[in-house]
Amino acid sequence: MSDVFEGYERQYREISAALSRKCAAASALDGEKKQQKLSEIQAHVQESGSLIRKMDSEAQSLPPTVRAGLLSKLRQYKSDLNNIKSEIKRVSAPNAQQATREELLDSGMPDSLGASSDQRGRLMMTSERLNQSSDRIRESQITALDTEEIGVSILQNLHNQRETLMHAHKTLHGVDDSIGKSNKILASMSKWNKWFV
């Protein structure tokens, strides 16, 4: 993993933990103090978004085998940040405490029970589909990595065969030179023999 990515990730985690605490603290405040706390939270949210973009950029520059794991982390970080943004909207609503109270009271109504069980069923189906898609993506990543390993192995074999062929070519060239010299020696010996005969 990249040291640069790890540095951004460490900063993001610290800010994210602080954001969760500050959101909880802001929900207990009123008036001007609440607005100040929300402004402070918004600044941290922007900083978190910037860190996620930097991590994304750094991850894109890394090899595919490393990139896949980092992009998975980034998706989780983006999801966490979106949850924090939703929490900020809820906390910054004019009657946040009243809205929360009404939401809790409404959840006890019979009509909402039927709707929530219907929603729960749809959520479970969607969740199952997401799990299946995740499994397929994971299998595809494994296949891609296996294919990449096979490709690297084939390239190494081809490189070794090329080296062997180059060595054989040099050896044959050397043998060819030796045969040429031998022919010259035999020709000169043949001339000497003619003189003496």
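Me: How much space lies in the largest pocket, and what makes it a pocket?
Reply: About 500 Å³, where a volume is the space filled by probe spheres set on grid points joined across faces, edges and corners. It's a pocket because it is an open set of points on a 1 Å grid over the protein atoms alone, with protein on both sides within 12 Å along at least five of seven lines, whereas in a cavity a 1.4 Å probe fits but cannot get out. Bear in mind that this is a predicted model, where local features need pLDDT of at least 70, side-chain atom pairs count only at pLDDT 80 or more, and totals for chains, interfaces and linings use all residues. Residues are numbered from 1 along each chain as its sequence is written, and side-chain values use heavy atoms, with hydrogens and water left out.

Me: Why is the Tyr 12 and Tyr 77 pair called tilted?
Reply: This is the one aromatic pair in the structure. The ring centres are 4.8 Å apart and the planes sit at 40°; rings of Phe, Tyr and Trp (its six-membered ring) pair with centres within 6.5 Å, and planes under 30 degrees apart are stacked, over 60 edge-to-face and the rest tilted, so tilted is the label. Tyr 12 is in α1 (residues 3–27) and Tyr 77 in α3, so the pair ties together parts 65 residues apart in sequence.

Me: How do you know whether Tyr 12, Tyr 77 and Glu 14 are buried or exposed?
Reply: Buried means under 20% relative accessible area, exposed over 50%, partly exposed in between (1.4 Å probe, protein chains only). Tyr 12 has 2%, so it's buried, and Tyr 77 is buried too, at 8%. Glu 14, in helix α1, comes in at 53%, so it's exposed.

How values were computed: Helices (H or I, at least four residues) and strands (E, at least two) are DSSP runs, numbered from the N terminus. On a 1 Å grid over the protein atoms alone, a cavity is a set of points where a 1.4 Å probe fits but cannot get out, and a pocket is an open set with protein on both sides within 12 Å along at least five of seven lines; lining residues have an atom within 4 Å of a point.
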